[in-house]
Amino acid sequence: MHRTADRRTGSVWLPACRFSAAVTGAAVLAILLFLLWFSLPLLDADTLSKLLSWEWRPFQGGFGILPMVAGSLLLSLSALLLAFPVSVGICCFAHGMGPSGPAAYLLRLVKFMTSVPTVVYGFVGVFVLVPLLREAFRSGSGFCWLAAAVGLAVLILPTIVLMLHSQFMLIEPQVTLTAAALGMSPAQRLLHLVIPISGRGFAAALVLGFGRALGDTMIPLMLAGNAAQVPGSLLESLRTMTAHIALVVATDSQSLAYLSLFACGLILFLSTTLVNLGLQLLKRSGEDNG
Amino acid sequence: MKRLSLFLCLTVFSLAFGIQAACADGLDAFKGKEGSISIAGGTAHIPVMKDAAKAIMSANPNIRITIAGGGSGVGIQKVGEGLVDIGNSGRKASDAEVSKYGLVMFPFAVDGVATVIHAENPVQALTGDQVRAIFAGQITNWKEVGGNDGVINVYARDESSGTREVYWKKLLNKGAVVASANVVPSNGAMKLAVSKDPNAIGYVSIGHLDGSVKAPSLDGVEVNQEAAKSGQYPVVRKLYMNTKGEPQGIVKSFVEYITGPDCVEFIKAAGYIPF
């Protein structure tokens, strides 16, 4: 009886799901085609060499987007480096290392963090973090790589924590009995059983965190200083591809400066696609091994 | 005593009435008309356009006016392609744009761009040469221009900014700006950044000047709207409304209303000088 009901709801929902999947797929494909179409005028050798240079001086004919590509990569990797250890710590605290009362509150706080708009983090960063860095290091304006990395780390922390949390939740029921039979404490269970078999979860959390950091616009725009250069130190200013698009989008729509935005968009699109493909590959290899 | 208060009452009443009558003059052109006006482009223009639109629409509910931003380039392109009735720009349309689209320009206000520094910076005066050297990265410490010992932090605007364009052309003489300069996306963000950084130098539209930042005099000229109006302070631009061909009907009335005496107060309230 139960099964037929299942099958019946399945028969209603399956085509609907297929349809929406097709629409979503088509939309993604359309975005790719759109970006390719607008990037076409950039694809002759002369323009391309201009585009793939380190010089962004649109009024002197330099349209290089490489400083922005480097800025995006440096910033998202450093934010990940800051956020990942903290996230793992929070997750371990919440899953047996810490007392259950504070652990629940901590998780609730992290969930709340997901609902804070990024512009709020950016604003707090401008008023608190930037003056703090300026005072502490007495070098530069405070709008720098480090400020944006800290801001982004706060932004992607909940993504990583919740990803790991759901992975741990998935694994815990499978090992609880074994752990109890062996007389393990919750902390030992976490360290010796849950974490070692959560490899895929860790990888997925890393990849999702990276994607989120790469795609964010508001925090780099507000905190990183936006100078189109490769930063020499953590206290120097940088510009990401997303902030670059936000800054340049209002220029004359005929200029090469404007068209260079589509190249940035294409690079962003392809990088997130690559990241996701990597995730899929990882999942598959994990299934083979498991 | 009673007579005095009655007199005062009457004076106030007649004053109020007088003002209302003056306001109604410019709005007469819209009486009994209906239709819609769409406006897009420069963001500096929006406060003036909004005040005018509010006055027109509350006096005449059959007229709809929509106002969008987008920047000077967008304003010119949209009006040229017939997507809006009025395209605002903080710069003159180029000869190519005028001949391609058949644009007619209506300047209605003058706006200056001021160099700004932190409110507590002891520097009171700068010369044009000093400013150019600072932005080019040749002068890097405030003590070289009579300030405290501190590395100068340069702030600039993005390439799509009309404010940047006039400052770069008329004060920096199209000179190089140091590559490490921080770039901020709006006049508001510039003011915020400079007001928080004791070693900052940047530039904002004079309309945005307030106590949070300081505008040092330039080549001995105090920087304010009066100096900009008289031509003493040279870093100025006009704010334009652009139409495709000569405007007709209520669009024409709108352009006349903005450039007429009624909108002087709106333009002053937004911090600009009526043209």
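**Entry 1: the cavity**

A cavity, as I use the word here, is a set of grid points where a 1.4 Å probe fits but cannot get out. With that in hand, I searched this predicted model and found 1 cavity of 30 Å³ or more. I noted a volume of about 40 Å³ for the largest cavity.

Next I asked myself which residues line the largest cavity. My list reads Ser72(A), Leu75(A), Ser76(A), Leu152(A), Ala213(A), Leu214(A), Asp216(A), Pro220(A), Thr240(A) and Thr242(A). I then looked up the elements giving two or more residues to that lining, and they are α3 (66-97) and α8 (199-215) of chain A. Of the elements, α3(A) gives the most, with 3 residues. Sorting the lining by class, I got 5 nonpolar residues, 4 polar ones and 1 charged.

**Entry 2: the overall build of chain A**

I stepped back to look at chain A as a whole. I find 11 helices and 2 strands in its secondary structure. For the extent of the chain, I wrote down a box of roughly 70 × 55 × 35 Å, filled by the C-alpha atoms and taken along the principal axes.

**Entry 3: where chain A meets chain B**

How many residues of each chain are in contact? I have 25 residues of chain A touching 22 residues of chain B. A reminder to myself: the size of an interface is often given as the accessible area lost when the parts come together. For chain A and chain B, the buried area is about 2000 Å², and carbon and sulfur atoms give 56% of it.

I went looking for charged pairs across the two chains and counted 1 salt bridge. The partners are Arg134(A) and Asp197(B), with the closest N and O atoms 3.6 Å apart.

Which elements of chain A each supply at least two residues of the side that touches chain B? I noted β1 (56-57), α5 (118-137) and α10 (241-248). The largest share, 3 residues, comes from α5(A). By class, I put down 12 nonpolar, 10 polar and 3 charged residues for the side of chain A that touches chain B.

Definitions and conventions. Residues are numbered from 1 along each chain as its sequence is written. Chains are lettered from A and ligands numbered from 1 in the order in which they are written. This is a predicted model: local features need pLDDT of at least 70, side-chain atom pairs count only at pLDDT 80 or more; totals for chains, interfaces and linings use all residues. Side-chain values use heavy atoms; hydrogens and water are left out. On a 1 Å grid over the protein atoms alone, a cavity is a set of points where a 1.4 Å probe fits but cannot get out, and a pocket is an open set with protein on both sides within 12 Å along at least five of seven lines; lining residues have an atom within 4 Å of a point. Grid points are joined across faces, edges and corners, and a volume is the space filled by probe spheres set on the points. Helices (H or I, at least four residues) and strands (E, at least two) are DSSP runs, numbered from the N terminus. Ala, Val, Leu, Ile, Met, Phe, Trp, Tyr, Cys and Pro count as nonpolar, Asp, Glu, Lys and Arg as charged, and the others, Gly among them, as polar. Contact means heavy atoms within 4.5 Å. Buried area is the accessible area (1.4 Å probe) that two parts lose on being put together, summed over both. A salt bridge is a side-chain nitrogen of Lys or Arg within 4 Å of a carboxyl oxygen of Asp or Glu.
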